Amino acid sequence: MVTGGAGFIGSHLSDQLLNYGHDIVIIDDLSSGKIENINPQVRFYHRNLYDDNIERVFAAEKPQFIYHLAAQINVGFSQQEPGLDAYSNIMGTLKLLTCAVKHNIRKIVFASSAAIYGNPKYLPIDEKHPATPLSFYGLSKYTAESYIRMFAATFGLRYCILRFSNVYGPRQMGTGEGGVIAQFNARFSQGETPVIFGDGEQTRDFIYVGDVVSACCKALYMGDNRTLNISTGRAVSVNQVYEFLKNIYGCLTKPGYQPWREGDILHSVLDNSVARSQLCWQPRNSLKAGLEKTYRF
Ligand SMILES: NC(=O)c1ccc[n+]([C@@H]2O[C@H](COP(=O)([O-])OP(=O)(O)OC[C@H]3O[C@@H](n4cnc5c(N)ncnc54)[C@H](O)[C@@H]3O)[C@@H](O)[C@H]2O)c1
């Protein structure tokens, strides 16, 4: 079962799991996902996770493993509507966990986020870094993580929590978190000038969606009851991303610089060494290669 399988990362994951011969069921309410992202070979349930009838999907499909990616991912929205964000990300997760225990699910793999760390106290951020989220989104993802760990301790549910850095790639919408590359692409492809908030020297850890999917696939059988950073471990500035894309598009325009946005983190890079050893995994796409694949899409 892949929740959020109509979304950016979930749809790539579903495609890869199908390639490996798995039988896939997707639950998605299409709030930000798209029907055209869904592979025709999966069975699709158009449901909200906190719907009462979600358990019927478990009864009908009897899934063995769950990838839980469905979430409200828009940080700005979470600040305006913390209650709705919590319904999706906390209550939705709780509902899923309850069904998972009742139906003897073998393992749940959860998509968490670097947003749980908040302002870094040191770099690169490892998994021991304190969780002090700056947004309701970060808080709801961290709360969902905590519920998963508590379900594991109480009911013996097996899990692997993956904290993604900024993911990019084909099918990503220019909204939500980590959307700077998608926003640049949208602007470049329409002949418009991309906007950079601040001086562009802020850094992020941009990881290609294919590398996130390969980590998710490994987490099905490895990394039991672990919480792992999934990242490249490399800091890249927004100006550097702009330069790469400018060259790919063959564009000469300068970005439009605008004032810093309140609450923006200056630098963020995640240490991925535990994931490398626990999952026997490593990211394989350079930023240039990933951006070119995204551009071709
Ligand atoms: N994109 C990133 O850079 C990034 C970084 C860190 C973590 N993550 C996490 O990865 C996961 C996938 O993110 P994405 O970028 O693919 O986002 P996305 O918005 O493309 O995918 C989320 C999917 O979940 C569905 N959904 C949302 N709320 C739902 C609900 N209550 N019930 C059923 N379906 C619901 C949406 O329709 C969408 O298809 C999320 O959990 C997100 O928090 C993403």
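The centres of domain 1 and domain 2 sit 25 Å apart, taken over C-alpha atoms. Domain 1 covers 2–166 + 206–230, and domain 2 covers 169–205 + 234–268 + 285–296; these bounds come from an automatic or database domain assignment. Where the two meet, 24 residues from domain 1 and 23 residues from domain 2 take part in the contact (heavy atoms within 4.5 Å).

Keep in mind that this is a predicted model: local features need pLDDT of at least 70, side-chain atom pairs count only at pLDDT 80 or more, and totals for chains, interfaces and linings use all residues. Residues are numbered from 1 along each chain as its sequence is written, and side-chain values use heavy atoms, with hydrogens and water left out.

**Helix H4**

- Helix H4 runs over residues 82–102 (helices are DSSP runs of H or I with at least four residues, strands are E runs of at least two, and both are numbered from the N terminus).
- With 21 residues, H4 reaches 29 Å from its first C-alpha to its last, close to the 30 Å expected at 1.5 Å a residue (the expected span is 1.5 Å times one less than the number of residues).
- H4 has a kink of about 25 degrees, centred on Met91; the bend at a residue is the angle between axes fitted to the seven residues ending there and the seven starting there.

**Helix H2**

- Ile54, Val57, Phe58 and Glu61 are the buried residues in H2.
- Seen down the axis of H2, these buried residues fall within an arc of 100 degrees, so they line one face of the helix; the arc is that of the directions from the helix axis to the C-beta atoms.
- Here's the background: an α-helix has 3.6 residues a turn, so residues three or four places apart point the same way.
- Over on the other side of H2, Arg56 and Ala60 are exposed.
- The cover over the buried side of H2 includes strand E2 (25–28), strand E3 (43–46), E4 and H4.
- Lys62 follows H2 and has a positive phi, near 45 degrees.

- Ser78 belongs to helix H3 and is buried, with a relative accessible area of 0%.
- The side chain of Ser78 makes a polar contact with the side chain of Gln79 (3.3 Å); that term means a pair of N or O atoms within 3.5 Å, where within protein one must be able to donate a hydrogen and the other to accept it, and residues adjacent in sequence count only if both atoms are side-chain atoms.
- A polar atom of the Ser78 side chain also lies 3.0 Å from the backbone nitrogen of Tyr137.
- Ser135 sits in the loop between strand E5 (107–113) and helix H5 (136–155), and counts as buried at 13% relative accessibility.
- Not counting residues up to four places away in sequence, Ser135 touches Val75, Ser78 and Gln79.

**Ala6**

- Ala6 is in the loop between E1 and helix H1 (8–19), and counts as buried at 0% relative accessibility.
- Ala6 and Leu30 are 24 residues apart along the chain, yet their C-alpha atoms are separated by 6.8 Å.

Definitions and conventions
Buried < 20%, exposed > 50% of the residue type's maximum accessible area, 1.4 Å probe, protein only.
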